[in-house]
Amino acid sequence: MVSRYGYQHKRERERWTPVVETGGAVCAEDVCLMDSRVIEPGQDWDVAHDPSGTRIIGVSHARCNRSEGAT
């Protein structure tokens, strides 16, 4: 089982940071709450997990990820 916020999570965030900073990332959540799925440089973002919380599915806007996690 993958720890959600351990070593792998940190590595994934480091791996995605340059992609997000250049505007090359899109929200991985099924339902995106923003006007565009593109995660713009400077926007808050999270490493996103599948509904079970065990598999990383990419990155998402922080708002979308936290909304999905609350449901």
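Student: Is D46 buried or exposed, and what is its relative accessible area?

Tutor: Happy to start there! D46 is buried, with a relative accessible area of 11%. Keep in mind that we are looking at a predicted model.

Student: How many residues of the protein chain count as buried, as a percentage?

Tutor: Of its 71 residues, 34% count as buried. The accessible surface of the chain comes to about 4700 Å², and carbon and sulfur atoms account for 50% of that surface.

Student: Which residues make up the largest nonpolar core?

Tutor: A core of this kind is a set of buried nonpolar residues joined through side-chain atoms within 4.5 Å. Here the largest one has 8 members: W16, V20, A25, I39, W45, V47, I56 and V59.

Student: Could we zoom in on one member? What is V47 in contact with, leaving aside its neighbours within four places in sequence?

Tutor: V47 is in contact with H9, E12, R13, I56, G58, V59 and N65.

Student: Now the charged residues. How many salt bridges are there?

Tutor: The general idea is that side chains of opposite charge can pair when their charged atoms come close. In this model the count comes to 2 salt bridges. One of them joins R15 and E12, whose closest N and O atoms are 3.0 Å apart.

Student: Where do R15 and E12 sit relative to each other?

Tutor: Both are in helix 1, and because they are 3 residues apart there, about one helical turn separates them. E12 has a relative accessible area of 14%, so this residue counts as buried.

Student: And which residue forms a salt bridge with D46?

Tutor: That is R66, with 3.0 Å between the closest N and O atoms. This pair links distant parts of the chain, since D46 lies in strand 3 and R66 in helix 2 (residues 62-70), 20 residues apart.

Student: Is R66 buried or exposed?

Tutor: R66 counts as exposed, at 55% relative accessibility, whereas D46, where we began, is buried.

Definitions and conventions. Residues numbered from 1 in each chain as written. Predicted model: local features only at pLDDT ≥ 70, side-chain atom pairs only at ≥ 80, totals over all residues. Heavy atoms only, no water. Buried < 20%, exposed > 50% of the residue type's maximum accessible area, 1.4 Å probe, protein only. Contact = heavy atoms within 4.5 Å. Areas by Shrake-Rupley, 256 points an atom, 1.4 Å probe, with all protein chains shown as cover. Salt bridge = Lys/Arg side-chain N within 4 Å of Asp/Glu carboxyl O. Helix = DSSP H or I, 4+ residues; strand = E, 2+ residues; numbered from the N terminus.
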